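Please keep the structure open while reading.

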Amino acid sequence: MQSRWDPRSPSSNLDCLRSIAVLAVVACHTLLTLGYKPSDAACRVGVILFFVHTSLVLMSSLERIEQTDAPLFSTFYLRRLFRIYPLSIFCVAVIVLFQLPRAPWWPWSSPDAFTILTNLLLCMNLFYKAEVTSVLWSLPLEVQMYVFLPVLYLVGKTHRLKGVAVMWVGAVAAALVLPAVTGRLSIAYFMPCFVAGVAAYFLGFRVPHPRLPFVGWLGMIGSGLWLFPHASTMFNEDVANWLLSLWIGLSAPFFVELQQTAVKQLVALIARYSYGIYLTHLHVLWFTFIVLKDQAKPVQYGAFALLGIGIPVLLYHLIEHPMIGFGMKLTARRALQAEEQEHAGGEKIVGTIK
């Protein structure tokens, strides 16, 4: 077992980052449901951590695809399609069918057919349509960033950190310019956050022997969570997003890997089910603290724990995991067919020459 973070290997440190990200989102929304008023920045910080984590781990995914000689772009896009869309489509369908509230503090409002379609396709920001549930605001940004990630990978692979630095500066420039052209390009505001994860990946190859203890990684994440709301008031929120992303991304490779087995298993479980937790926790909160508001507190908190864990686990095994596997099999089959066609084409050329 490796004791350090390797950008190409599964990482308990990154599971820890993803776990803290989703728990930060859940904690903020729980406080809002219970009547407290955390700042907008405090509620956004978990999603920013998600953005850094996503681009970091997908660099490794792109490298693995490239090593199989499969078509890089189409394989990546198909796998992400089957990773993201099946569960989000299911959740949108349930929300619309049962007219569930957008959030515990935000009652149901009937969307038109086009709004529902944009939610199913995760492109609401491109058409100025509202999300049927509040947490969906981040998914169109992630999906639209997928378009660029293979290009960022190829640039980073060729030019390493110099190329990534240029890309980050370019992302900041895009964030400053593109939204002034059209409000549909809200992805531009967050591109520097994703590029920070790309930087973390390629920086990892330059740090062969990190010496900082794992507890320091927790300190970096914790201090980022604490400093972020202050940075949002000191600067504007976009600059705070970019600074937090760099804070986390550029520090990731310097810490040795988490070694405690029990903690590793815990963060791995939370990370595995984090997508389902993210998509469903608002309605778990609504049911347990709004629908069951007249029940005793132990009943409410027991229902919150049971449903908050049980629903994501169930959806993972019924929808997420099978669809991820289907995407993997589909792209493997396509790669094999492409290889066979290339081989057949080569035989034809040889036959013609003979």
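The sections below take the helix pair and then the pockets.

## Basis

The structure is a predicted model.

## Helices α6 and α8

Two packed helices are described by the angle between their axes and the distance between the axes. For α6 (residues 138-146) and α8 (residues 187-203), the axes come within 10 Å and cross at roughly 70°. Angles of 65 to 115 degrees count as roughly perpendicular, and α6 and α8 are therefore roughly perpendicular to each other. Their crossing is right-handed.

On the α6 side, the contact is made by Leu-141, Glu-142, Gln-144 and Met-145, which meet Ile-187, Phe-190, Met-191 and Phe-194 of α8. Of these contact residues, six are nonpolar, one is polar and one is charged.

## Largest pocket

The volume of the largest pocket is about 1,200 Å³. Its lining comprises 38 residues, and His-53, Val-57, Arg-64, Arg-80 and Arg-83 lie nearest the centre. Elements giving two or more residues to this lining include α1 (12-33), α3 (72-98), α6 and α13 (297-353). The most comes from α2, with 12 residues.

Sorted by class, the lining of the largest pocket holds 19 nonpolar, nine polar and 10 charged residues.

## Second largest pocket

The second largest pocket has a volume of about 540 Å³. It is lined by 19 residues, with His-29, Asp-40, Cys-43, Arg-44 and Trp-137 nearest its centre. Helices α1 and α2 each supply at least two lining residues, and the largest share, four residues, comes from α2.

By class, this lining has 11 nonpolar, two polar and six charged residues.

Notes: Residues numbered from 1 in each chain as written. Predicted model: local features only at pLDDT ≥ 70, side-chain atom pairs only at ≥ 80, totals over all residues. Heavy atoms only, no water. Axes fitted to C-alpha atoms, helices over the stretch in contact; angles between N-to-C directions. Parallel < 35°, antiparallel > 145°, perpendicular 65-115°, else oblique. Left-handed = near helix turned anticlockwise from the far one by under 90°. Contact = heavy atoms within 4.5 Å. Nonpolar A, V, L, I, M, F, W, Y, C, P; charged D, E, K, R; others polar. 1 Å grid on protein atoms, 1.4 Å probe; cavity = no way out; pocket = protein on both sides within 12 Å on 5 of 7 lines; lining within 4 Å. Points joined across faces, edges and corners; volume = space filled by probe spheres on them.
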